[in-house]
Amino acid sequence: MATRKSPWGSISDLFGQLVGPAPLCPDCGAPNNGYTAVNLGGASPQHGDIAVCAHCAAPVQYYGKPLALKRLEGDDLILARTDPLFRFAEEMVRALMRSTRT
Ligand SMILES: [Zn+2]
């Protein structure tokens, strides 16, 4: 029986680990070396991609090589928050933070 490939890629494409030094969050300083692609696109982070810190939910943007993180501010932050997937990512991390708070 032939298997049909998902148009969204495989589940292993959605989660990953960055190669090289972990980019540090500019807000909390925590390393962010793992990623989850909320758009189901299966692409690992690239220069210019926006993200949410997995530790403090700060809106951030990847830049440089090796990848580093900077704060997402001003018009870039306003534009990011017009994207339902970005708002979903922020809420997902905040919910995770609340659920693990002791
Ligand atoms: Zn952070």
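I started with the sheet: it is open, has 3 strands in the order β3-β4-β5, and pairs antiparallel. Strands here are DSSP runs of E, at least two residues long, numbered from the N terminus, and two of them pair if DSSP finds at least two bridges between them. β3 (50–52) and β5 (68–71) are at the edges with a single partner strand each, so one side of each has no neighbour in the sheet. From one strand to the next, the twist averages 45°; that angle is taken on a scale from 0 to 180 degrees, between N-to-C directions of lines fitted to C-alpha atoms.

A note on the source: this is a predicted model, where local features need pLDDT of at least 70, side-chain atom pairs count only at pLDDT 80 or more, and totals for chains, interfaces and linings use all residues. Residues are numbered from 1 along each chain as its sequence is written.

Next I checked β4 (residues 59–63), which pairs with β5 in the antiparallel sense over 4 bridges. Gln61 sits opposite Lys70 of β5.

Then I looked up Pro59, which is in strand β4. Beyond four places in sequence, Pro59 touches residues including Ile50, Val52 and Leu72 (contact puts the C-beta atoms, placed from the backbone, within 7 Å).

Methods: Contact = placed C-beta atoms within 7 Å.
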